[in-house]
Amino acid sequence: MVRRQLLQVTDRVLCVRLPGYLSCSYVVLYDDHVVCVDSGMDPDGGDMGWAMRQLDRPLEQIRSILVTHWHNDHCGGAARLRARTGATVYHHPAARPKLQRQDRARGPRRWLARLTPEVGMLGPIRALLDAAPPIALDEGREVREGDRLHHDFLVMETPGHDDAHLSFWFEPDRVLFTGDALAVAGDHVSYMSRWLTADVESARRSMLRCLGMDARALCPGHRHPLVDPDPAMLEAVAERTRHLARWPIYGC
Ligand SMILES: [Zn+2]
Ligand SMILES: [Zn+2]
């Protein structure tokens, strides 16, 4: 059975966490609807479905899914959740071919992907090998830097980990959903590994931008959210990031 956790970030922001893969998606609660930031790994939408049951909210209240990037551990559930609820899926324009499975791997990579079972820890590996999430999204809405969603969310383009990467600033609670633009380890901000960083210079700029947002909580795609981060720690990490000669392989 899949283990899942629900962690409170603010009164109406919660983290849906899969301890087995240390991955985090989020729900933002409104009186009569819910906005998801990323959508869990389960291709059936089961992670967010579980969270909605815990919160005593009907699944149909999911009105929007804000996708940080196309990696399966972030948007695995998007296609089915959209099919079930009619939610609008918002994503970066360059993520479309991946989300709609028009840009799949060929040759040995695809062959290897077929041999990899789509269960547990291997699910995201298979999706990455196949260069697409397991189920194609039928329709999504493209968003760009500066767009506003549900009045409250500001779209930020934060490339580095992936070209088509977005972060979302939830202004009312001053919460920043960073996706994989940065990592959190314990009570401090850390780096996504160099192996998982497509473009280091973009990643540096994106991370500095996230660190400079004066967020009350940083909500990354992995490990756990960081509530009330220490400003001195944020400044120290920003200073290190500005001058970092080699991007760390192991993140911390
Ligand atoms: Zn990723
Ligand atoms: Zn990730």
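I started with β14 and β15, which pair in the antiparallel sense over 2 bridges. The model is predicted, and I read every entry below with that in mind.

**Entry: β11 and its two partners**

I moved inward to β11, residues 175-179. On one side I checked strand β10 (residues 166-170), which pairs with β11 in the antiparallel sense over 3 bridges. F168 has F177 of β11 as its bridge partner. The two strands form a hairpin with 4 residues between them. In that turn I noted R174, with a positive phi of about 55°.

I also looked up the pairing of β11 with strand β14 (residues 217-220), which is parallel and runs over 4 bridges.

Is β11 mostly covered or mostly open? I found it mostly covered, with 5 of its 5 residues buried. V175, F177 and G179 point one way from the strand, while L176 and T178 point the other way. Residues on both faces are buried.

**Entry: the other sheet**

I turned to the open sheet β1-β2-β3-β4-β5-β6-β7, which has 7 strands and mixed pairing. Its edges are β1 (5-8) and β7 (141-142); each has a single partner strand, so one side of each lacks a neighbour in the sheet.

Within this sheet I looked at strand β3 (residues 23-29) and strand β4 (residues 34-37), which pair in the antiparallel sense over 4 bridges. V27 stands opposite C36 in β4.

I then checked which helices pack on the sheet. Helix α1 (residues 46-54) touches β1, β2 (13-18), β3, β4 and β5 (62-66), and its direction makes about 130° with that of β2. Helix α3 (residues 78-85) touches β5 and β6 (88-91), and its direction makes about 155° with that of β5.

**Entry: the core**

I asked which residues have the most contacts inside the largest nonpolar core. They are Y26, C36, I65, L66 and C219, in a core of 59 residues. I took C36 as the example to follow. Leaving out residues up to four places away in sequence, C36 touches S25, Y26, V27, M48, I62, I65 and L66.

**Entry: the chain as a whole**

The chain has 8 helices and 15 strands. Buried residues make up 44% of its 252 residues. Of the contacts with a separation of 6 or more, 64% are between residues 24 or more positions apart.

The C-alpha trace spans about 50 × 45 × 35 Å along its principal axes. I compared the radius of gyration with that of a compact globule: 252 residues would give a value near 18 Å, and the chain has 17 Å, which agrees.

Notes
Residues are numbered from 1 along each chain as its sequence is written. Chains are lettered from A and ligands numbered from 1 in the order in which they are written. This is a predicted model: local features need pLDDT of at least 70, side-chain atom pairs count only at pLDDT 80 or more; totals for chains, interfaces and linings use all residues. A residue is buried if 20 or more other C-beta atoms lie within 10 Å of its own, exposed if 12 or fewer, and partly exposed in between; C-beta atoms are placed from the backbone. Two strands pair if DSSP finds at least two bridges between them. The radius of gyration is taken over C-alpha atoms; the globule rule is 2.2 Å times the number of residues to the power 0.38. Two residues are in contact if their C-beta atoms, placed from the backbone, lie within 7 Å. A nonpolar core is a set of buried Ala, Val, Leu, Ile, Met, Phe, Trp, Tyr and Cys residues joined through C-beta atoms within 7 Å. Axes are lines fitted to C-alpha atoms, for helices over the stretch in contact, and angles run from 0 to 180 degrees between N-to-C directions.
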